[in-house]
Amino acid sequence: MEIKNVGVWGLSNQIIEKFFVNRIIFAGDSAHSFPPAGGFGMNTGICDVNNLVHKLLMINKGNHIQILEKYSQERRYYALMISELAMKYYNKSMEIPRNLGMNVDNLMLFKNGLDSLSSVIST
Ligand SMILES: Cc1cc2nc3c(=O)[nH]c(=O)nc-3n(C[C@H](O)[C@H](O)[C@H](O)COP(=O)(O)OP(=O)(O)OC[C@H]3O[C@@H](n4cnc5c(N)ncnc54)[C@H](O)[C@@H]3O)c2cc1C
């Protein structure tokens with residue numbers, strides 16, 4: 001077996017300041033990234049696009065492009081709520097390794113080790 005590429009996924013919880021900047025529209029993971037606990041990432045992205053399509057239709061019917069500011073505000077509001085919920089679920093999920101007597105800090109050490117290993121493999 002030949003390994004063509006190695007990528008490491010990093011957990012993050014980030015939300016872009018504005019989903020609409022200088023005529024550039026952000027949706028999905030380009031706008032937000034949550035811990036996977038709760039299964040919110042893709043679902044939130046789909047909701048972004050659902051909202052966006054409605055706004056684009058309104059622009060097509062004569063509304064000003066600035067209506068996309070509303071898209072930005074509405075979706076950021078939800079992203080903030082979802083980010084809080086995802087963190088809550090993530091912290092809850094960490095109770096499993098803790099209750100098994102594992103040190104969560106050691107898990108981070110393990111992850112950092114994997115990160116270093118992948119950079120060695122991919123060079
Ligand atoms: C472990 C894990 C579990 C998850 N479980 C769930 C779940 O249960 N439920 C849920 O809703 N979400 C879940 N997610 C999150 C979900 O996978 C993402 O939120 C979703 O895939 C994001 O979709 P996206 O289209 O915004 O971005 P992406 O899926 O990242 O798509 C972006 C695409 O753009 C392409 N691309 C990048 N740069 C360029 C370029 N310069 N030119 C052209 N193309 C480019 C990439 O190759 C990629 O195909 C999970 C994520 C992880 C890591």
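Modeller: Strands are DSSP runs (E) of at least two residues and helices are runs (H or I) of at least four, both numbered from the N terminus. The model discussed here is predicted.

Biologist: Which value does phi of Asn22 have?

Modeller: Asn22 lies in the loop between strand S2 (20–21) and strand S3 (24–25). Asn22 is exposed, because 5 other C-beta atoms lie within 10 Å. Although Asn22 is not a glycine, its phi is positive, at about 50°.

Biologist: How are H1 and H2 oriented to each other, roughly parallel or roughly antiparallel?

Modeller: The axes of helix H1 (residues 41–60) and helix H2 (residues 68–93) come within 10 Å and cross at roughly 160°. Angles over 145 degrees count as roughly antiparallel. The orientation of H1 and H2 to each other is therefore roughly antiparallel.

Biologist: How many charged residues does the contact of H1 with H2 have?

Modeller: On the side of H1, the contact is made by Thr44, Cys47, Asp48, Asn51, Leu52 and Lys55. On the side of H2, the residues include Glu74, Arg75 and Tyr78. By class, the contact of H1 with H2 has 7 nonpolar and 2 polar residues, and the number of charged residues is 5.

Biologist: How many charged residues does the shell around the ligand have?

Modeller: The residues around the ligand are Trp9, Gly28, Asp29, Pro36, Gly39, Phe40, Gly41, Met42, Asn43 and Gly45. By class, this shell has 4 nonpolar and 5 polar residues, and the number of charged residues is 1.

Biologist: How many Å apart in space are Asn103 and Phe40?

Modeller: Phe40 is one of the residues around the ligand. Asn103 is in the loop between helix H3 (95–99) and helix H4 (104–121), and it is exposed, because 10 other C-beta atoms lie within 10 Å. Asn103 and Phe40 are 63 residues apart in sequence, and their separation in space, C-alpha to C-alpha, is 27 Å.

Conventions. Residues are numbered from 1 along each chain as its sequence is written. This is a predicted model: local features need pLDDT of at least 70, side-chain atom pairs count only at pLDDT 80 or more; totals for chains, interfaces and linings use all residues. A residue is near a molecule or strand if its C-beta atom, placed from the backbone, lies within 6 Å of it. Ala, Val, Leu, Ile, Met, Phe, Trp, Tyr, Cys and Pro count as nonpolar, Asp, Glu, Lys and Arg as charged, and the others, Gly among them, as polar. A residue is buried if 20 or more other C-beta atoms lie within 10 Å of its own, exposed if 12 or fewer, and partly exposed in between; C-beta atoms are placed from the backbone. Axes are lines fitted to C-alpha atoms, for helices over the stretch in contact, and angles run from 0 to 180 degrees between N-to-C directions. Angles under 35 degrees count as roughly parallel, over 145 as roughly antiparallel, 65 to 115 as roughly perpendicular and the rest as oblique. Two residues are in contact if their C-beta atoms, placed from the backbone, lie within 7 Å.
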